[in-house]
Amino acid sequence: VAPFARPEMQAPARAAQPNAALSTLTAKNISAWFGDHKVLEQVSLTMPAGQVTALIGPSGCGKSTFLRILNRMHELVPSASLAGEVLLDGDDIYDRRKKLQDARKHIGMVFQKPNPFPAMSIYDNVVAGLKLTGVKASRDTKDELVERSLTSAGLWKEVKGRLRAPGGGLSGGQQQRLCIARSLAIKPKVLLMDEPCSALDPTSTRVIEETMAELQKEVTIVIVTHNMQQAQRVSQQCAFFLASQGTPGQIVEHGDTDAMFHDPQDERTADYVNGRF
Ligand code: ADP
Ligand code: MG
């Protein structure tokens with residue numbers, strides 16, 4: 001691939017063969033509120049093992065809310081409430097007998113804006129991923145974990161000679177891959193990514209997409225994106241969310257990505273994926 005080729009000109013960055021041995025995440029009849037404002041209505045979606053599922057749809061239709069529900073971040077907002085179930089390989093992550101940390105250590109999250117701890121070293125940024133879930137590790141284990149996580153995030157070769165340098169000194173794209181490595185430190189079963197490339201330039205975006213194609217061999221991925229070309233390049237499954245005046249966010253259509261883009265079943269999906277919104 002030419003170094004400055006336009007990403008939309010490139011072939012799919014998807015793994016050819018999804019790894020069925022990985023975990024499946026299932027959302028059942030999810031409704032969500034902020035106070036009296038209902039933002040999601042009866043959303044059900046299976047995010048299959050070893051696949052990348054892309055969540056698409058206009059701003060404000062509840063994609064981020066849905067993503068946060070998938071790792072119990074929604075409940076951190078005091079006004080938030082929720083109905084429905086989220087099952088990780090059949091286990092209810094909202095099971096009251098489970099500690100929040102236990103549920104969350106299987107599900108990592110990466111945000112739109114790269115948010116490493118800027119003054120902390122690259123090494124410590126990765127290790128910091130463990131602290132969120134209370135996992136303790138020895139020095140040797142940490143060294144191994146840092147190398148493994150940075151390798152999976154596609155950053156190891158670039159930073160192995162300067163692990164003690166501050167995370168804030170990396171480029172934007174590298175910082176985002178550092179955040180991916182931090183999320184991978186806990187060996188999550190599912191990685192949630194909320195518009196991970198929208199703050200990045202096209203070249204960094206391409207590197208992240210290539211990283212995702214490798215990453216999906218070891219972790220099931222759910223990504224929110226506003227970039228329709230990206231959704232087609234990286235995902236096998238796609239869900240189109242829509243909300244309108246007075247109607248909370250719902251999934252209008254979901255299924256195989258290629259089918260949804262080339263033969264959408266709902267007129268609203270066709271309008272959206274063809275940019276007629
Ligand atoms: P999207 O990610 O698709 O743009 P969001 O999930 O961010 O949509 O938002 C869905 C709806 O929920 C919007 O109406 C938004 O204003 C509202 N919302 C999101 N977060 C909060 C919050 N913390 N408090 C109150 N309302 C919120
Ligand atoms: Mg959002």
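Which residues does Leu192 touch, not counting residues up to four places away in sequence? I looked this up and got Leu67, Leu70, Asn71, Ile107, Gly108, Met109 and Val222. Contact here means C-beta atoms, placed from the backbone, within 7 Å.

**Ground rules.** I am working with a predicted model, where local features need pLDDT of at least 70, side-chain atom pairs count only at pLDDT 80 or more, and totals for chains, interfaces and linings use all residues. Residues are numbered from 1 along each chain as its sequence is written, and chains are lettered from A and ligands numbered from 1 in the order in which they are written.

Buried means 20 or more other C-beta atoms within 10 Å; exposed means 12 or fewer; partly exposed is in between. Strands are DSSP runs of E, at least two residues; helices are runs of H or I, at least four.

**Helix pair.** I checked helix 6 (residues 172–184) against helix 7 (residues 202–215). Their axes, lines fitted to C-alpha atoms over the stretch in contact, are 9 Å apart at about 25°. Angles run from 0 to 180 degrees between N-to-C directions. Helix 6 is therefore roughly parallel to helix 7 (under 35 degrees).

**Ser81.** I placed Ser81 in strand 4 (residues 80–88). Ser81 is partly exposed because 14 other C-beta atoms lie within 10 Å.

Note on methods
Contact = placed C-beta atoms within 7 Å. Parallel < 35°, antiparallel > 145°, perpendicular 65-115°, else oblique.
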